[in-house]
Amino acid sequence: MAGRFIVLLGPPGAGKGTQAAVISKTLQLAHISSGDIFRENLKNETDLGKMAQKYMNAGELVPDDVTIAMISERLSRTDCENGALLDGFPRTPAQAEALAEKLAERGEHIECVPYISVPAEELITRLSGRWTCRENGHVFHAQYNPSKKDGVCDIDGSALYQRDDDKPETVANRIRVYMDQTSPLIEYYKENQLLFEVDGTKSIEKVSELLLQKLNA
Ligand code: AP5
């Protein structure tokens with residue numbers, strides 16, 4: 001049986017991580033977040049983490065060769081045998097080509113690309129109010145999705161922090177970089193008839209419902 005490989009596309013703060021947590025659990029797929037893997041390496045002070053840090057803090061993309069090698073290794077693990085939900089990868093045309101090639105080598109292909117669309121003004125509000133859990137990356141929002149206890153993750157009780165790259169000047173650059181380097185993938189996947197768009201300005205629950213309706217169809 002072919003695996004299900006789904007690519008979640010959308011600008012920084014669109015809700016990819018929030019939705020990926022729900023979808024991967026519901027569809028029982030491995031959740032691969034390139035940002036989370038970089039942050040884990042940063043926390044553990046690995047060579048990869050040290051190298052990625054300067055790009056992440058500036059809101060720039062980590063170079064393609066490094067990112068592609070990291071995700072290829074992740075996809076080769078046993079929990080991806082039946083598919084995976086990719087969040088934050090691919091982000092450039094070269095990454096998209098590499099992913100298609102990697103999957104083709106194992107007789108697989110991308111099933112679909114849900115694109116969560118949210119206007120830029122809303123992205124800034126979302127990222128400036130985001131609180132992330134130190135241990136497992138669970139995500140909250142000061143107004144839209146507050147944790148029950150201030151500064152504490154509802155799910156694992158660890159401390160919540162604000163990401164360094166959520167500072168206003170870095171956010172502005174992340175959105176610019178997204179527009180320049182990642183948004184061309186919208187057309188690319190449209191041409192390949194893989195893309196469907198979901199209105200990411202709806203509530204978290206409504207966006208999950210819209211995504212799952214399509215993915216279960
Ligand atoms: P990464 O971690 O992937 O960041 P991103 O794509 O910028 O995405 P975010 O995690 O910021 O946002 P999200 O869409 O997941 O939104 P979230 O669910 O948190 O990448 C970080 C960095 O790593 C990059 O800048 C780059 O340097 C490097 N990197 C990563 N991948 C790379 C790659 N492939 N190539 C090269 N470099 C790479 O939601 C945001 C907030 O909004 C939360 O507070 C949430 O509670 C709230 N929220 C979510 N949905 C809703 C809703 N419907 N209504 C109201 N609030 C909502």
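**Reading the chain**

Reply: Begin with one residue. Arg-74 lies in helix α4, which spans residues 64–75. Keep in mind that the model is predicted.

Me: Is Arg-74 buried or exposed?

Reply: The cut-off for buried is under 20% relative accessible area. Arg-74 has 13% relative accessibility, so Arg-74 counts as buried.

Me: Which residues does Arg-74 touch, not counting residues up to four places away in sequence?

Reply: Arg-74 touches Ala-30, Ile-32, Ile-37, Asp-79 and Cys-80.

Me: Let us step back. How many helices and strands are in the chain?

Reply: The chain has nine helices and eight strands.

Me: How does the radius of gyration agree with that of a compact globule?

Reply: A compact globule with 217 residues would have a radius of gyration near 17 Å. The chain has 16 Å, which agrees. Along the principal axes, the C-alpha atoms fill a box of roughly 45 × 40 × 35 Å.

Me: What share of the residues counts as buried?

Reply: Of the 217 residues, 47% count as buried. The accessible surface comes to about 11,200 Å². Carbon and sulfur atoms hold 50% of that surface.

Me: And what share of the contacts joins residues at least 24 apart?

Reply: Take the contacts between residues at least 6 apart in sequence; 70% of them join residues at least 24 apart.

Me: How far apart are the mean positions of the positive and negative charges?

Reply: There are 25 positive and 33 negative charges, and their mean positions are 4 Å apart.

Me: Now a sheet. How do strands pair in general?

Reply: Strands of a sheet pair through backbone hydrogen bonds, either parallel or antiparallel. Here, three strands form an open sheet in the order β6-β5-β7, and the pairing is antiparallel. β6 (139–141) and β7 (160–161) stand at the edges, each with a single partner strand, so one side of each is left without a neighbour in the sheet.

Me: How many bridges join β5 to β6?

Reply: Three bridges join β5, residues 130–133, to β6. Thr-132 stands opposite Val-139. Trp-131 stands opposite Phe-140.

Me: Which residue takes a positive phi in the hairpin of β5 and β6?

Reply: Gly-137 does, with phi near 75°. The hairpin has five residues between the strands.

Me: And how many bridges pair β5 with β7?

Reply: Two bridges pair them, in the antiparallel sense.

Me: Is Arg-130 buried or exposed?

Reply: Arg-130 lies in strand β5. Arg-130 is buried, with a relative accessible area of 11%. Leaving aside neighbours within four places in sequence, the contacts of Arg-130 include Val-139, Phe-140 and His-141. Tyr-161, Asp-166 and Arg-174 are also among them.

Me: How far is Arg-130 from Met-179 between C-alpha atoms?

Reply: The two are 49 residues apart along the chain, and their C-alpha atoms are separated by 21 Å.

Methods: Residues numbered from 1 in each chain as written. Predicted model: local features only at pLDDT ≥ 70, side-chain atom pairs only at ≥ 80, totals over all residues. Heavy atoms only, no water. Helix = DSSP H or I, 4+ residues; strand = E, 2+ residues; numbered from the N terminus. Rg over C-alpha atoms; globule rule 2.2 N^0.38 Å. Buried < 20%, exposed > 50% of the residue type's maximum accessible area, 1.4 Å probe, protein only. Contact = heavy atoms within 4.5 Å. Areas by Shrake-Rupley, 256 points an atom, 1.4 Å probe, with all protein chains shown as cover. Lys, Arg positive; Asp, Glu negative; His and termini not counted. Charge placed at Lys NZ, Arg CZ, Asp CG, Glu CD. Pairing = 2+ DSSP bridges.
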